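Good morning, everyone, and thank you for making time for this.

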Amino acid sequence: MKKIFTTLSFILVVCLFTASCGNSDTPSTSQNTDNNNQQQEQNQEVEVSENFKIGDTATFNDWEISVTEFSFKDKLADNDYFYFSPDEGNKFAVVSLQITNTSKEAQTFLPSFSYGDDIRARICYADEYEYQATNLIGYEAELHDSAMNPLTTKNGVIVFNVPELVTTSEESLVFTIYAGQDSISFDLR
């Protein structure tokens with residue numbers, strides 16, 4: 001009986017200790033004000049940041065990245081016998097890049113199966129619509145899964161399957177390379 005009483009007393013003390021050490025779900029008013037001020041400052045910083053232009057070279061993580069050209073295409077071909085075509089009613093948005101691995105070890109640029117902080121690419125149309133990169137497996141110039149040794153440079157393309165409207169519009173078109181919360185962007189038009 002004494003063991004049961006001691007055990008129950010111990011459990012009660014642990015529960016009270018755990019409850020008293022837990023965080024409150026409702027932060028104080030001063031914490032809310034500080035958090036709102038910090039969030040507004042971060043939003044202002046994001047708005048101020050400028051995008052790179054075609055021809056600029058940007059450093060991102062362990063890569064130097066330069067957008068060398070941009071175009072829309074009805075099809076992409078390595079030779080006269082085999083070609084890729086976009087979905088019906090779409091065109092390919094082709095971003096030509098030069099990338100350099102500045103790391104001290106071999107790395108893979110734009111892995112097909114990315115997770116965590118792996119590099120990814122997207123195009124944002126009219127500051128509203130997002131298109132993820134299309135991996136054209138077998139296309140020689142494709143940069144997906146580019147395994148590169150340190151200090152090596154490679155030229156190639158990242159392709160996006162976009163609606164015809166995107167190709168004829170004058171709205172903004174921004175190419176973004178991102179990994180986790182970090183990103184760099186290039187204005188395509």
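Predicted model: local features only at pLDDT ≥ 70, side-chain atom pairs only at ≥ 80, totals over all residues.

The protein chain has 3 helices and 12 strands, and of its 189 residues 31% are buried. If we take the contacts between residues at least 6 apart in sequence, 67% of them join residues at least 24 apart.

Let us turn to the interior. In soluble globular proteins, nonpolar side chains tend to be buried together. Here the largest nonpolar core has 31 residues, and those with the most contacts inside it are Ile65, Phe109, Ile158, Phe175 and Ile177. Among the elements that give two or more residues to this core are strand E2 (63-73), strand E5 (90-101) and strand E10 (153-163). There is also a second, separate core of 8 residues, which includes Leu76, Val94, Leu136 and Val157. When we look at Ile158 and leave aside its neighbours within four places in sequence, we find Phe109, Phe175 and Ile177 among its contacts, and also a charged residue, Glu142.

What, then, surrounds Glu142? Glu142 lies in the loop between strand E8 (129-132) and strand E9 (146-148), and its contacts beyond the neighbours within four places include Thr134, Asn135, Leu136 and Val157. Glu142 is buried yet has no salt bridge, since the nearest side chain of opposite charge, that of Lys154, is 8.9 Å away. A polar atom of the Glu142 side chain does, however, lie 3.1 Å from the backbone nitrogen of Leu136.

In the loop between E8 and E9 we also find Ile137. Is Ile137 buried or exposed? Ile137 counts as exposed, because its relative accessible area is 70% and the cut-off for exposed is over 50%.

Finally, we come to the charged pairs, of which the count is 3 salt bridges. In one of them, Lys53 pairs with Asp187, the closest N and O atoms being 3.0 Å apart; this pair links distant parts of the chain, with Lys53 in the loop between helix H2 (29-48) and E1 and Asp187 in strand E12, 134 residues apart. Lys91 and Asp74 meet at 3.5 Å, N to O, and because Lys91 lies in strand E5 and Asp74 in the loop between E2 and strand E3 (76-77), the pair ties together parts 17 residues apart in sequence. Arg122 and Glu130 form a salt bridge at 3.8 Å, and Glu130 is partly exposed, at 49% relative accessible area.

Conventions
Residues numbered from 1 in each chain as written. Heavy atoms only, no water. Core = buried A, V, L, I, M, F, W, Y, C linked by side-chain atoms within 4.5 Å. Buried < 20%, exposed > 50% of the residue type's maximum accessible area, 1.4 Å probe, protein only. Helix = DSSP H or I, 4+ residues; strand = E, 2+ residues; numbered from the N terminus. Contact = heavy atoms within 4.5 Å. Salt bridge = Lys/Arg side-chain N within 4 Å of Asp/Glu carboxyl O. Polar contact = N/O pair within 3.5 Å; in protein donor to acceptor, adjacent residues only side chain to side chain.
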